[in-house]
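Trainee: Please take me through this structure feature by feature, giving the general idea each time and then the case at hand.

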Number of protein chains: 2
Amino acid sequence: MTDLTNMTPTALGKLDAAARATLFTDARTANTFAATPVSDSELSEIWDLAKWAPTSANTQPLRILYVRPGQGRDRLVQHMSDGNKAKTASAPAAAVLAVDTQFHDYLPTVLPFRPELKDVFQANEAMRTPSGMFNATLQAGYFILSIRAHGLAAGPMAGFDATGVDVDFFPDGRWHSILVVNIGHPGPDPWFERLPRLHNADTVRWE
Amino acid sequence: MTDLTNMTPTALGKLDAAARATLFTDARTANTFAATPVSDSELSEIWDLAKWAPTSANTQPLRILYVRPGQGRDRLVQHMSDGNKAKTASAPAAAVLAVDTQFHDYLPTVLPFRPELKDVFQANEAMRTPSGMFNATLQAGYFILSIRAHGLAAGPMAGFDATGVDVDFFPDGRWHSILVVNIGHPGPDPWFERLPRLHNADTVRWE
């Protein structure tokens, strides 16, 4: 890693138009996938990139279950909403994104100068649970963009039976699923027409 | 925008190493900022890029309050945790990220083929509130990476008095703040040593 400690302000890089298109402006949620496989190393690299983006107190509560074609995918499809079953059945890979409800166990490792935060989180479930959910969801956003950064299409889906997934795949009760993301190369007629974005007059204010 | 409808799988772009470094591997949370200003057009462009990334049912519940130096920033600093006040006071811009609790009002616009979803959300607060929070938080992740995509440093902070911010800046009660993000060019000694990331053995499983 480059040592940026003494960098000047102008040293920060910028994304060019092609990279912005890959991540944001041209990228689309894929609903169908080509048969082209996605390798385990591609899947690993998606997380190995996404994991560097920031979380509060470096807590990193997101967990990943990669599901490949076979019995695991067949089980996962059963937990998807009816409108999503065919999408996941055609995807060469899927990721079940989950929050580790005991993420604070790792605080002494991830924030070595404040190990006592582990006990603060342990004692305060009303702080711990929303913090885990918030930071895992931030990381889910990073994960979706990292899929795109690797030249693959993402198909994130909130429509699935989270309790069913958790009982089936995370029986010890520690991980709670928050999102399923299909991963692959786009198939035939892969996406809808681009849906509208809200006007800035409705979304942005200034002080 | 390029028409990608008939693209072949190999047509999806990939980020090169420099772009990955800008977004993920070299980028760092900034704690101090140079005096170099950030223009309103830079701030607008951050959101104009981030807003293209996906949300469930295209709901787009995230809202942005951009705060520039002056009375607005002085008020915002007062709501920050003690450890964050100096950071925001030195930042040439900050964004208060908020969820629009009435995001479903826009459903007929953002999802024109399912306008009835507005009433489904209206009738079901137990679905609406977590959905808004989840999707706004995904968008907060996109927003942080979009800051970096524009050659700027982000300083996201969960440590602030959200109720105080909401009463002060969003008095009609509709927007609820979820994160404050300082934006600027890094100043002197801008960040800590890179903190560790968890091992994949603890975060990744395979099926």
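The dialogue below takes up salt bridges, then the sheet, then the helices.

Mentor: First, some ground rules: this is a predicted model, in which local features need pLDDT of at least 70 and side-chain atom pairs count only at pLDDT 80 or more, whereas totals for chains, interfaces and linings use all residues. Residues are numbered from 1 along each chain as its sequence is written, chains are lettered from A and ligands numbered from 1 in the order in which they are written, and side-chain values use heavy atoms, with hydrogens and water left out.

Trainee: Which salt bridge does Arg75(B) form, and where do its two residues lie?

Mentor: Arg75(B) forms a salt bridge with Glu207(A), the closest N and O atoms being 3.3 Å apart. The pair crosses between chains, from helix H3 (residues 71-79) of chain B to the segment after strand E5 (204-206) of chain A. Arg75(B) is partly exposed at 29% relative accessible area, and Glu207(A) is partly exposed at 31%. Elsewhere, a network of salt bridges links Arg63(A), Asp100(A), Asp105(A) and Arg174(A).

Trainee: In what order do the strands of the open sheet run?

Mentor: In general, strands of a sheet pair through backbone hydrogen bonds, either parallel or antiparallel; here two strands pair if DSSP finds at least two bridges between them. The open sheet has five strands in the order E3(A)-E4(A)-E2(A)-E1(A)-E5(B), with mixed pairing. Strand E3 (153-157) of chain A and strand E5 (204-206) of chain B stand at the edges with a single partner strand each, so one side of each is left without a neighbour in the sheet. E3(A) pairs with strand E4 (residues 175-184) of chain A in the antiparallel sense over five bridges, and Gly155(A) has Asn182(A) in E4(A) as its bridge partner.

Trainee: How are H1(A) and H7(A) placed relative to each other?

Mentor: Two packed helices are described by the angle between their axes and the distance between the axes. Axes are lines fitted to C-alpha atoms, for helices over the stretch in contact, and angles run from 0 to 180 degrees between N-to-C directions. The axes of helix H1 (residues 17-25) of chain A and H7(A) come within 9 Å and cross at roughly 130°. That makes H1(A) oblique to H7(A), since angles under 35 degrees count as roughly parallel, over 145 as roughly antiparallel, 65 to 115 as roughly perpendicular and the rest as oblique.

Trainee: How many of the residues of H7(A) are buried?

Mentor: In H7(A), 19 of the 25 residues are buried, so this helix is largely enclosed by the rest of the structure. Just after H7(A), Gly151(A) takes a positive phi of about 80°.

Key. Salt bridge = Lys/Arg side-chain N within 4 Å of Asp/Glu carboxyl O. Helix = DSSP H or I, 4+ residues; strand = E, 2+ residues; numbered from the N terminus. Buried < 20%, exposed > 50% of the residue type's maximum accessible area, 1.4 Å probe, protein only.
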